[in-house]
Amino acid sequence: MVICEFTYKHYTETINEYIKSGYSIINVSDYFEGRVPQGKVMILRHDIDYSIMEAVKMASIENSMGIKSTYYVMLHNHYYNILTPMNLHGILKIQQLGHEVSLHFESKSDFDRDVKILNEILGVQTKTYSWHSPTCIPEKIKRNLPSAYDEKLLNEFKYISESCHRWREGCFCNWINKKDRMYVLTHSLWWGNKDLDFKQLLGKTVADMTFGIEEFYEVNLQKINIYLKELYGAV
Ligand SMILES: [Zn+2]
Ligand SMILES: [Zn+2]
């Protein structure tokens with residue numbers, strides 16, 4: 001019996017079921033660049049709202065399944081900094097795993113500047129972008145890149161998402177063979193080896209934010225002690 005939960009097991013068994021049912025899995029720029037196969041198709045997308053390292057885990061799982069998707073990353077995120085060595089390595093790793101990395105954009109930021117920065121970081125041109133919190137967009141501003149919320153795309157494909165840790169229209173496993181053209185958005189933080197509650201998921205974000213902090217202080221303390229010893233003798 002299939003249990004709908006936010007586990008890697010259910011994620012992979014569902015994706016495998018889509019593939020077995022004849023769906024081709026493509027990324028967002030495949031759609032905009034005309035690489036949409038005939039027949040059943042699923043566009044697969046991830047918005048990275050909380051943790052790049054969780055996205056890397058999902059990207060590795062997808063790579064081992066032989067599929068490619070789009071990961072949208074934020075430049076101005078409260079929970080992660082794309083330029084820390086760990087996160088930068090993570091983003092480049094997602095690219096190396098064959099996925100597309102593009103901009104997850106906030107309306108208050110400078111779009112052209114952010115695209116430029118991300119292009120510089122990735123070493124490739126950002127092809128599309130997705131809005132963070134699209135319901136909060138004050139106005140429909142046209143940008144120079146295709147949007148993941150493009151009207152034509154949303155008309156052609158059945159769009160479903162587990163935003164805020166909830167599938168509003170049922171888990172994506174319920175949509176296999178119901179619509180030939182599916183567009184699925186997920187958020188890697190929700191998914192893991194175990195089905196976690198909201199508080200436990202928050203713990204994963206905190207763990208990422210504080211990664212290495214104890215070692216950092218330990219090393220600095222040792223350096224300060226050496227410095228003080230050189231200045232004043234024994235301390
Ligand atoms: Zn399910
Ligand atoms: Zn978002």
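What follows is a chat about how to read this predicted model.

Colleague: Before we start, how are things numbered, and which parts count?

Modeller: Residues count from 1 along each chain as its sequence is written, while chains are lettered from A and ligands numbered from 1 in the order in which they are written. This is a predicted model, where local features need pLDDT of at least 70, side-chain atom pairs count only at pLDDT 80 or more, and totals for chains, interfaces and linings use all residues.

Colleague: How many helices and strands does the chain have?

Modeller: Helices (H or I, at least four residues) and strands (E, at least two) are DSSP runs, numbered from the N terminus. Here there are 8 helices and 7 strands. The C-alpha atoms fill a box of roughly 75 × 45 × 30 Å along the principal axes.

Colleague: What share of the residues is buried?

Modeller: Buried means 20 or more other C-beta atoms within 10 Å of a residue's own; 12 or fewer is exposed, in between is partly exposed, and the C-beta atoms are placed from the backbone. Of the 235 residues in the chain, 31% are buried.

Colleague: Which residues have the most contacts inside the largest nonpolar core?

Modeller: In soluble globular proteins, nonpolar side chains tend to be buried together. A nonpolar core is a set of buried Ala, Val, Leu, Ile, Met, Phe, Trp, Tyr and Cys residues joined through C-beta atoms within 7 Å. The largest one has 46 residues, and Met42, Ile43, Ala55, Tyr71 and Val184 have the most contacts inside it. Its largest share, 6 residues, comes from helix α3 (residues 52-64).

Colleague: What is Tyr71 in contact with?

Modeller: Contact means that two C-beta atoms, placed from the backbone, lie within 7 Å. Leaving aside neighbours within four places in sequence, Tyr71 touches His46, Ile48, Ala55, Ala59, Ile94, His99 and Val101.

Colleague: Back to α3, then. Which of its residues are buried, and what do they pack against?

Modeller: Ile52, Met53, Glu54, Ala55, Val56, Met58, Ala59 and Glu62 are the buried ones. They pack against β2 (41-48), β3 (70-73), α4 (85-96) and α7 (198-209).

Colleague: At what angle do α3 and α4 pack?

Modeller: Axes are lines fitted to C-alpha atoms, for helices over the stretch in contact, and angles run from 0 to 180 degrees between N-to-C directions. This pair packs at about 25°, with axes 9 Å apart. That makes α3 roughly parallel to α4; the label covers angles under 35 degrees, with over 145 roughly antiparallel, 65 to 115 roughly perpendicular and the rest oblique. On the α3 side, the contact is made by Ile52, Met53, Ala55, Val56 and Ala59. The α4 side brings Met86, Asn87, Gly90, Ile91, Lys93 and Ile94.

Colleague: And α8: how many of its residues are buried?

Modeller: The count is 0 among its 20 residues, so this helix is hardly covered. Gly233 follows α8, with a positive phi near 80°.
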